[in-house]
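I opened this notebook to record what I looked up in one structure, going from the overall outline to single residues. The entries are kept in the order in which I made them.

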Amino acid sequence: PTEYLMYDRAAKKTSPLFVSQKSLLDYKFAHMEDVRIPARDGLELVAYLTRSDTSKATPMVLLVHGGPWARDSWGYNSAAQWFA
């Protein structure tokens, strides 16, 4: 869930405003990280990796998006969380 804060510049403090999907705060989610993969043409492919356990090797499920016209985005992904 995304937490929104308000920053008071004068006091240099933050205070909570609200949380999206508050019911999800009770759960622990797998961490998402961005990975850069070098392609043969010299460009970088950006991927998002969600791992359930970062301390050891685990099986991997590769979710491929819909081509150059579709792109995944950073943030909560229910399918990635379920597989992790």
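**Conventions.** I am working with a predicted model, in which local features need pLDDT of at least 70 and side-chain atom pairs count only at pLDDT 80 or more, whereas totals for chains, interfaces and linings use all residues. Residues are numbered from 1 along each chain as its sequence is written, and side-chain values use heavy atoms, with hydrogens and water left out.

**Fold.** I took helices (H or I, at least four residues) and strands (E, at least two) as DSSP runs, numbered from the N terminus. On that basis I found one helix and four strands, and along the sequence they follow the pattern β-β-β-β-α. The radius of gyration is 17 Å, well over the 12 Å that the globule rule gives for 84 residues, so the protein is more spread out than a compact globule. I note that this radius is taken over C-alpha atoms, and that the rule is 2.2 Å times the number of residues to the power 0.38. Along the principal axes, the C-alpha atoms fill a box of roughly 50 × 30 × 30 Å.

I call a residue buried under 20% relative accessible area, exposed over 50% and partly exposed in between, with a 1.4 Å probe and protein chains only. By this scheme 7% of the 84 residues count as buried. For contacts I required heavy atoms within 4.5 Å, and among contacts with a separation of 6 or more, 26% come from residues 24 or more positions apart. Counting Lys and Arg as positive and Asp and Glu as negative, with His and the chain ends not counted, I have 10 positive and 9 negative side chains, the centres of the two sets lying 5 Å apart. Each charge was placed at NZ of Lys, CZ of Arg, CG of Asp or CD of Glu.

Strand β1 (residues 3-8) and β2 run antiparallel and are joined by six bridges, with D8 having K13 as its bridge partner in β2. Four residues lie between the strands of this hairpin. One of the loop residues is K12, which has a positive phi of about 55° although it is not a glycine, and which counts as exposed at 66% relative accessibility.

Strand β3 (residues 31-38) pairs with strand β4 (residues 44-51) in the antiparallel sense over eight bridges, and P38 stands opposite E44 in β4. Five residues lie between β3 and β4, and G42 in the turn has a positive phi of about 95°.

**Which residues does T50 touch?** T50 sits in strand β4 and is buried, with a relative accessible area of 19%. Leaving out residues up to four places away in sequence, I list A30, H31, M32, A80, Q81 and A84 as the residues touched by T50. From the helix side, Q81 in α1 (residues 78-83) is buried at 18% relative accessible area, and with the same exclusion Q81 touches F29, A30, T50 and Y76.

Beyond four places in sequence, Y48 touches M32, E33, D34, R71, D72, S73 and W74. Y48 and P59 are 11 residues apart in sequence and 16 Å apart in space, C-alpha to C-alpha. H65, in the loop between β4 and α1, counts as partly exposed at 39% relative accessibility, and apart from neighbours within four places in sequence H65 is in contact with A70 and D72.

Definitions and conventions:
Pairing = 2+ DSSP bridges.
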